[in-house]
Amino acid sequence: MKLTLRSKLSLAAAIPLVLAATFGLVFGQINMRRSATEESKQRVQLIADYYAARFDGQFNVITQMVKDVAALATSGKCNDEDELFNALRTVLNQQPLVYGSCIAFEPEAFQTGRARFAPYVCRDAKDGLRAIDLSKAYDYMDGQWEWYSAPRESRQPVWTEPYFDEGAGNIIMCTFSLPLIRDGEFIGVVTADIALDQLYQWFSLSALKGGSFVVVSHKGMFISAQDPTTVGRVSLADVQRNAGRADVDDLARAIDAGERDTRLMDNFPQPGRHFLAHSPVPSTGWSFVAATSEADVMGPVFTELRWRAFFFVLVTAATLYVIFYVTRRTTKPIEQLSTSVKQLGTGEFDVASLDIPARDELGDLARAFTKMVIDLREHVEARTREVASRERIESELRVARDIQSSLIPSGFPPFPDHKEFNLAGLNLAARHVAGDFFDYFFVSPDRLFFIIADVSGKGIPAAMFMAVSRTVLRQLAENYEHPSPARILTEANRLLLRDNDRGMFLTLFLGIYNISTGELVYSNAGHPPPYLVRSGSPATAFGDLNGTLVGVIDEAAYNESRATLQPGERLVLYTDGVTEAVAHDPRDIHAPALRTDKKNRLFGDQRTADLITSVAHLPVDEMCKAIAKAIDDYQAHDPADDVTILILERTT
């Protein structure tokens, strides 16, 4: 058989290429497998160390919280059962990993003459948190409960082995138990219970790529595992007996000794080869053991080999293509250019770039055409991104306004069961989101807390500061047993000033109104004074200025004043978006700076008082809308600032 020159050139190019690629593939597979095995052992060990550290960090937090409760219980200043129960509730609220917490006292250690007392708070699927006296559930001093007997004997903190807490938690758990020592005497323990059936869910194993793990106690018992039926029931000794292998015995010995290591084992814990890594959890004396399949780890090696084979085929095909079809390169640029022009003519901008290296007129034309197509495509894509970005920002701002609106009370009347008063509010943002806000809620059955505030600036920063300020003020009002405006403002000023690097502040009027007597205790922190009005009478400025802006001056002092609303009187509160509304001027369209012209263009205090007087006969919700409409009309529907109104009326 006579070979053509084209065939000879093809064989001369293909044979060395195939031999080189084959050698590279075989050598690369051996070398990559060996390197990948060592790297994988290191990676799996690092993963085990990472999860062991996560366990250790969580348990360190729990032990610290238990120590804080122990400090309270041994201080000698806590003789109130409710205070102890509240301390235990705090542990569960702040640490979701804790299932229950207890303070178990020796006889007469809590109160003289009282035998045993053990306040216990645990989670309950129906009631959230359940509080009981554990001494009424069982005798924790009878010696069978390790969580009490072990620290009592050793006077040292103890992590118990898994046990079923029958009579109290009624689940399988492990308990951290800290002895209470007062004046050198043991008086009881403070505990934190960990529900073992929930522990596995707390730690994601995404880094193990489908692997599994177990947590083993210092006595070898399974504390957490992928199979919940093994928790508290299977130990390392059971695994050793079932396996009957020397390498498994060696693994168990290393885990018992608290060592850190990674090894590759055949058909353990499941069929196939697996990497097993173990790392100690220092705070508890436990060990974290992770297992992942060698097949999963070696997946990248096989992927790399497939890519190399693909590259080999691609290079070989390209070489043969050059040899057999070199003559077609003369006409191919014309075919490419013709096809691209037709595609562009149909409006299809996704035209492939022309690869024509020729240095003649055809090459220049192809390069110019390619640049034109690229420029046109980039221009269209840029305009598309611009429109999409604008729509996304508008959508996000609408969502932000919806979120902010959800923070402000809505619906009228807000308290239909209370006939002693009427209350209505309105908040209109100058932009998508506002810096103004109002809020109201009862702090006791007959005392209504209400507030109106104006944050400095506008837009997103003001809205974020508004949300923080509202949360701080509401939390302070709800936390104090007997809230007072001055006390709330003093603490709010301290909290808001602490991390206020941007120098934002707010003015506000805060009041606590007794719906039965009409008495109002209030503080005005730099806010425009409200108006007092009743139907048929002119509106008059109300109240005193009790302090400076909130969030500006450290250690600022705030006072409070008292007044009594008479039946039929209304207190109209507003932000400066009302009095500083700017009248519309056609020149503003071309010269927005003219808004600073103060020649009788601000709505002002007198117009505000006259407006309030003129609409005082309306129901409070209609009165809010009438004031807002008048301000909007005055500004020709082009507001320069947020407008917020809050009206309180005593009816009886």
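Helices α5 and α6 are roughly antiparallel to each other, because angles over 145 degrees are counted that way, whereas angles under 35 degrees count as roughly parallel, those of 65 to 115 degrees as roughly perpendicular and the rest as oblique. The axes of α5 (residues 236-243) and α6 (residues 246-256) cross at roughly 170 degrees and come within 9 Å; such axes are lines fitted to C-alpha atoms, for helices over the stretch in contact, and the angles run from 0 to 180 degrees between N-to-C directions. On the α5 side, Leu236, Val239, Gln240 and Ala243 meet Val248, Asp249, Ala252, Ile255 and Asp256 of α6, where contact means heavy atoms within 4.5 Å. Sorted by class, this contact of α5 with α6 holds 6 nonpolar, 1 polar and 2 charged residues; Ala, Val, Leu, Ile, Met, Phe, Trp, Tyr, Cys and Pro count as nonpolar, Asp, Glu, Lys and Arg as charged, and the others, Gly among them, as polar.

The model is predicted, so that local features need pLDDT of at least 70 and side-chain atom pairs count only at pLDDT 80 or more, while totals for chains, interfaces and linings use all residues. Residues are numbered from 1 along each chain as its sequence is written, and side-chain values use heavy atoms, with hydrogens and water left out.

The protein has 15 helices and 22 strands, which are DSSP runs numbered from the N terminus (helices H or I, at least four residues; strands E, at least two). Of its 652 residues, 43% count as buried, a term that means under 20% relative accessible area, with exposed meaning over 50% and partly exposed in between (1.4 Å probe, protein chains only). Among the contacts in the protein with a separation of 6 or more, 61% come from residues 24 or more positions apart.

Two further helix pairs can be described in the same terms. Helix α11 (residues 459-479) has 21 residues and reaches 30 Å from its first C-alpha to its last, close to the 30 Å expected at 1.5 Å a residue; the expected span is 1.5 Å times one less than the number of residues. Its buried residues include Phe465, Ser469, Val472, Leu473, Leu476 and Ala477, and these six also belong to the contact with α12, in which Phe465, Val468, Ser469, Val472, Leu473, Leu476 and Ala477 of α11 meet Ile488, Leu489, Glu491, Ala492, Leu495 and Leu496 of α12. By class, the contact of α11 with α12 comprises 11 nonpolar, 1 polar and 1 charged residues. The axes of α11 and α12 (residues 485-498) cross at roughly 140 degrees and come within 10 Å, and the two helices are therefore oblique to each other. The crossing in which α11 passes α12 is right-handed; a crossing is left-handed if the near helix is turned anticlockwise from the far one by less than a right angle, and right-handed if clockwise.

Helix α14 (residues 604-614) packs against α15 (residues 620-634) at an angle of about 140 degrees, with the axes 10 Å apart. These helices are therefore oblique to each other, and α14 passes α15 in a right-handed crossing. Arg607, Leu611 and Ile612 of α14 make the contact with Met623, Ile627, Ala630 and Tyr634 of α15, which by class has 6 nonpolar, no polar and 1 charged residues.

| Residue | Phi | Relative accessible area |
|---|---|---|
| Arg155 | near 55 degrees | 39% |
| Ala636 | near 55 degrees | 30% |

Arg155 lies in the loop between α3 (146-154) and β4 (158-159), and Ala636 in the loop between α15 and β22 (643-650). In the loop between α10 (361-407) and β13 (421-428) is Pro413, and the peptide bond from Phe412 to Pro413 is cis, with omega near -5 degrees.

Helix α1 (residues 5-74) includes Gly57, and Thr63 is also found in α1. Gly57 is partly exposed, with a relative accessible area of 31%, whereas Thr63, at 9% relative accessibility, counts as buried. Gly57 is 225 residues from Pro282 in sequence, yet their C-alpha atoms are 9.8 Å apart. For Thr63 and Ala192, which are 129 residues apart along the chain, the C-alpha separation is 8.0 Å. Leaving aside neighbours within four places in sequence, Thr63 is in contact with Trp159 and Phe176.
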